Amino acid sequence: MDIQNGIAQALKEMGYGDGKQAIARWREKEVEVLNEICRSHGIEPLPPEKARETLEVSEYKEQRQKAEQLAVENEKSQSELDALNSELKSAIEKKVKIVEIDSIETKKTRFSRKISISEEDFENLMDLAKKQVVSVKQTKKLKSENAELCQKVTDLEVQVKFLTAELDKYKQPAHFFP
């Protein structure tokens, strides 16, 4: 062949000079031209992105493992939250049987405002009152645990999203520019 094509000589003849930086200078000029074309059509070009750093295989595996662990923790917290929600619902559904309280036969005494009921009805009433107190306390406890777990799940979801986004960055192919 009488004429050989070479990028180094072509760039030199176009005025970008010699050496390793000739391609970089040519690329910068091409980006400027493209940006001018975009602006002339009313399109605002984005600033150039910097190349991301590369990770060693061990670092990548470590990041991946952290993301997987957080996903497992998130699932565990979600299942705990679901279990507590179902327990809370069952506690709320357990209501004092109003019908039993209404069916208690009362008798007023003659000389005071006190009422008298049978011993069996009194024991039933006391038992229902105790169950109600326990139910209220348990409901408050479950609501606070539920709120804590909801916050923990939210925090874990944010952390998982962050690590997933970071992991996605590392999954992208690396671009090398001289």
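Colleague: Which residues form the nonpolar patch on the surface?

Modeller: In this predicted model, the patch is made of Ile7, Met14, Ile23 and Trp26. Together they have about 390 Å² of accessible area.

Colleague: Where is Trp26 found?

Modeller: Trp26 sits in helix 2, which covers residues 22-40.

Colleague: Let's switch to charges. How many salt bridges does the structure hold?

Modeller: There are 4 of them. One of these joins the side chains of Asp18 and Lys12, at 3.8 Å from N to O.

Colleague: Asp18 and Lys12, then: what is the relative accessibility of Asp18, and what about Lys12?

Modeller: Asp18 is at 53% and counts as exposed, while Lys12, at 41%, is partly exposed.

Colleague: Fine. Which residue does Lys66 meet in a salt bridge?

Modeller: Glu62, with 3.7 Å between N and O. Both residues belong to helix 3 (residues 57-93) and are 4 residues apart, about one turn of the helix.

Colleague: What about Lys131, which residue does it form a salt bridge with?

Modeller: Its partner is Asp127, and the closest N and O atoms are 3.6 Å apart. This pair lies in helix 5, residues 119-171, again with 4 residues from one to the other, about one turn of the helix. Asp127 is partly exposed, with a relative accessible area of 37%.

Colleague: Why would such side chains pair at all?

Modeller: Because opposite charges can pair when the charged atoms come close.

Colleague: Now the inside. Which residues are in the largest nonpolar core?

Modeller: That core has 7 residues: Leu81, Leu84, Leu88, Ala91, Leu142, Leu149 and Val153. Helix 3 and helix 5 each supply at least two of its residues.

Colleague: Which helix gives the most to this core?

Modeller: Helix 3, with 4 residues.

Colleague: Take Leu142. What is it in contact with, leaving aside neighbours within four places in sequence?

Modeller: Leu142 touches Leu84, Glu87, Leu88 and Ala91.

Colleague: And which residues are in the other core that lies apart from the largest one?

Modeller: That separate core has 6 residues, including Ala67, Leu70, Leu156 and Val160. As a general point, nonpolar side chains tend to be buried together in soluble globular proteins.

Technical notes
Residues are numbered from 1 along each chain as its sequence is written. This is a predicted model: local features need pLDDT of at least 70, side-chain atom pairs count only at pLDDT 80 or more; totals for chains, interfaces and linings use all residues. Side-chain values use heavy atoms; hydrogens and water are left out. Patches are made of residues with over 30% relative accessible area and no salt bridge: like charges are joined within 9 Å, nonpolar side chains (Val, Leu, Ile, Met, Phe, Trp, Tyr) within 5 Å. Accessible areas come from the Shrake-Rupley method with a 1.4 Å probe; for residues, only the protein chains shown count as cover. Buried means under 20% relative accessible area, exposed over 50%, partly exposed in between (1.4 Å probe, protein chains only). A nonpolar core is a set of buried Ala, Val, Leu, Ile, Met, Phe, Trp, Tyr and Cys residues joined through side-chain atoms within 4.5 Å. Contact means heavy atoms within 4.5 Å.
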